[in-house]
Amino acid sequence: SSITKTMASVLSPTRWLHLATTALLLTTNPAASFSTSTPPQNNNNRCTTTSLSVASTPPTQTSTPYDTVKVDLSSGRDYPIYIGSDFTDTEAATLIRKHIHGKRVLLITNDRIAPLYLERYQQLLSDNSVDDKELVVDTVVLPDGEENKTYDVMAMVLDKALGLGLDRKSTFVALGGGVIGDMVGFASAVYQRGVNFVQIPTTVMAMVDSSVGGKTGVNHPLGKNMIGAFHQPQCVFIDTSTLNTLPDRELKSGISEVVKYGLIRDAPFFEWQEENMTKVLERDPEATRYAIRRSCENKADVVQADELEAGVRATLNLGHTFGHAIENGSGYGTWLHGEGVSIGTAMAATMSEKMGWIDEGLKQRIYDILESADLPVKLPRDSPMKVETFNKLMSLDKKVADGQLRLILLQGELGNCKFTGEFDTGALQETIEEFVKEIEA
C-alpha cells in the first residue's frame with residue numbers, strides 16, 4: 001500500500017516505536033479460518049503529520065497540526081481520515097468541502113448533538129470563501145440512542161432528501177456517534193442507489209471504529225445491524241475537541257474498541273494502553289490523539305485487506321458476537337455498544353483460556369485493562385440474559401455461515417487471534433453458563 005513516513009524527529013523514541021508498528025500479514029485457509037499474529041516492526045506507517053494551510057496562506061505557528069491516515073481501496077476509492085483538535089471553522093471547511101463534489105448537502109445529526117455542533121457545521125459547510133464553491137446545506141435532526149437505530153428513523157433522512165429534491169450529486173454528512181454514522185451511511189447507500197457521504201464522528205467509538213471502513217446499517221428486533229450495506233465515505237473528519245462534551249460513560253464505552261486492536265493484532269499498542277489508560281480516561285490531548293490515530297491505522301490496514309468482510313475483517317469483531325447478544329437480549333439502549341463488547345471480550349478471553357488457546361496470565365491482563373477503563377466484565381444481577389437467550393441470539397449473528405457459528409477467539413501470544421467455526425462447543429457453553437451463573441449468584 002501507499003504509506004507515508006511520519007517525521008521521527010518530532011516524536012519521542014517510545015512514541016516513534018509505537019507509530020512504527022504496521023500492518024500484520026494475515027493468512028487464510030480453505031476452511032475460512034483466519035489467524036493473526038503480531039507483525040515485525042519497520043519504519044513505515046500510514047500517518048502523515050501536517051500543519052494546515054488555510055487557502056493560500058503559508059503554514060504558521062498558529063495553524064492547527066493534524067494527522068492524515070489513508071484508507072487504501074481499489075478503483076480510486078481511497079479516502080483520508082483527518083485527526084486533529086480545535087480546528088478553526090475555516091480550517092474545518094477547507095478540509096471537508098474539498099470532498100463535496102455537488103452543490104447540495106444534507107447534514108444529519110441527533111437531538112443531543114444538534115444544540116452543541118449543528119449550527120457551527122452548517123455554517124462552515126456553507127462558507128464559500130475557502131473555495132468559491134456555492135453549497136446549499138440543509139439539515140435533519142434524528143432522535144438519539146441505540147433504540148432509535150431503526151429503518152423507520154433512518155427513513156426520515158430519505159424523506160427529507162426526497163422532499164428537497166436532492167439528486168445523485170448530493171452529499172450526506174453524518175455528524176455524531178456510531179448510530180448516526182451507521183444510519184446516514186446506509187441512507188446514502190440506498191438513496192437513488194448511492195450518493196456520497198462524509199463522516200464527522202463526535203464519540204470515541206465512532207472515531208476509532210464505526211466511521212472507518214464503510215459498514216453501515218440499522219438494527220432489527222431479531223438482530224443488531226442486520227440490515228445494511230457496505231458504502232465507503234469520501235472522508236472522515238475527526239476533531240477531538242468534540243470529546244470535551246462526551247459523557248464519561250460514552251468515553252469509556254469507546255475505549256473497548258481501542259483495547260480490541262491491541263488484542264487481535266497490535267501487541268505494542270496494547271502495552272501502551274496498559275501504561276497510559278489513566279491519561280486516556282483523563283482526556284489527555286496527546287494520549288487521546290495517539291490512541292485514535294493508532295486505532296485508525298489498524299482499522300485502515302484491515303479494511304484494505306478485506307473490505308467486504310469475507311474473512312480477516314471479521315477479526316475486528318472480537319467480543320461482538322457475545323456483546324451483540326447482550327445488547328439485543330437486554331433491550332437496545334440498556335447497554336452502550338462498547339459496554340456489551342467489553343463483556344463479550346471478557347467472555348471470548350475466558351473461552352479462549354478454557355480451550356488452552358491463551359494462558360491465564362493473558363486472560364488476567366485482558367480483565368485488568370478493561371477494568372482499568374471502568375468497563376464491565378460481567379453481567380449485572382438484574383440482567384435478563386439466560387443461556388437460552390445467548391444461544392438463540394448468537395445463532396442469528398452475521399458471522400454464521402451455512403448454519404455454523406463462527407467466533408473470533410484469542411490464540412497464542414498477545415496480538416494473535418483466530419476467526420473460526422472450529423472450536424470446542426463445550427467450552428462455549430461452559431463460558432455462557434459461567435457468566436449467567438454470576439447473575440444468579
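Begin by selecting Thr288, which counts as buried because its relative accessibility is 12%, under the 20% cut-off. The model on screen is a predicted one. Thr288 lies in helix 9, which spans residues 285-305. Next, display the surroundings of Thr288: with neighbours within four places in sequence set aside, the residues in contact with Thr288 are Leu243, Val280 and Arg283.

Then select the two cysteines Cys296 and Cys417. Cys296 has a relative accessibility of 0% and therefore counts as buried. Cys417 is likewise buried, with a relative accessible area of 1%. A search for disulfides across the whole structure returns zero.

Now move to a pair of helices. Select residues 387-394, which form helix 13, together with residues 425-440, which form helix 14; the two pack at an angle of about 130 degrees, and their axes are 9 Å apart. Helix 13 is therefore oblique to helix 14. The crossing in which helix 13 passes helix 14 is right-handed.

To view the contact itself, show side chains on both elements. Helix 13 contributes Val387, Phe390, Asn391 and Met394, while helix 14 contributes Leu428, Gln429, Ile432, Glu433 and Val436. Colouring this selection by residue class gives six nonpolar, two polar and one charged residues in the contact of helix 13 with helix 14.

Terms used. Residues are numbered from 1 along each chain as its sequence is written. This is a predicted model: local features need pLDDT of at least 70, side-chain atom pairs count only at pLDDT 80 or more; totals for chains, interfaces and linings use all residues. Side-chain values use heavy atoms; hydrogens and water are left out. Axes are lines fitted to C-alpha atoms, for helices over the stretch in contact, and angles run from 0 to 180 degrees between N-to-C directions. Helices (H or I, at least four residues) and strands (E, at least two) are DSSP runs, numbered from the N terminus. Angles under 35 degrees count as roughly parallel, over 145 as roughly antiparallel, 65 to 115 as roughly perpendicular and the rest as oblique. A crossing is left-handed if the near helix is turned anticlockwise from the far one by less than a right angle, and right-handed if clockwise. Contact means heavy atoms within 4.5 Å. Ala, Val, Leu, Ile, Met, Phe, Trp, Tyr, Cys and Pro count as nonpolar, Asp, Glu, Lys and Arg as charged, and the others, Gly among them, as polar. Buried means under 20% relative accessible area, exposed over 50%, partly exposed in between (1.4 Å probe, protein chains only). A disulfide is a pair of cysteine sulfur atoms within 2.5 Å.
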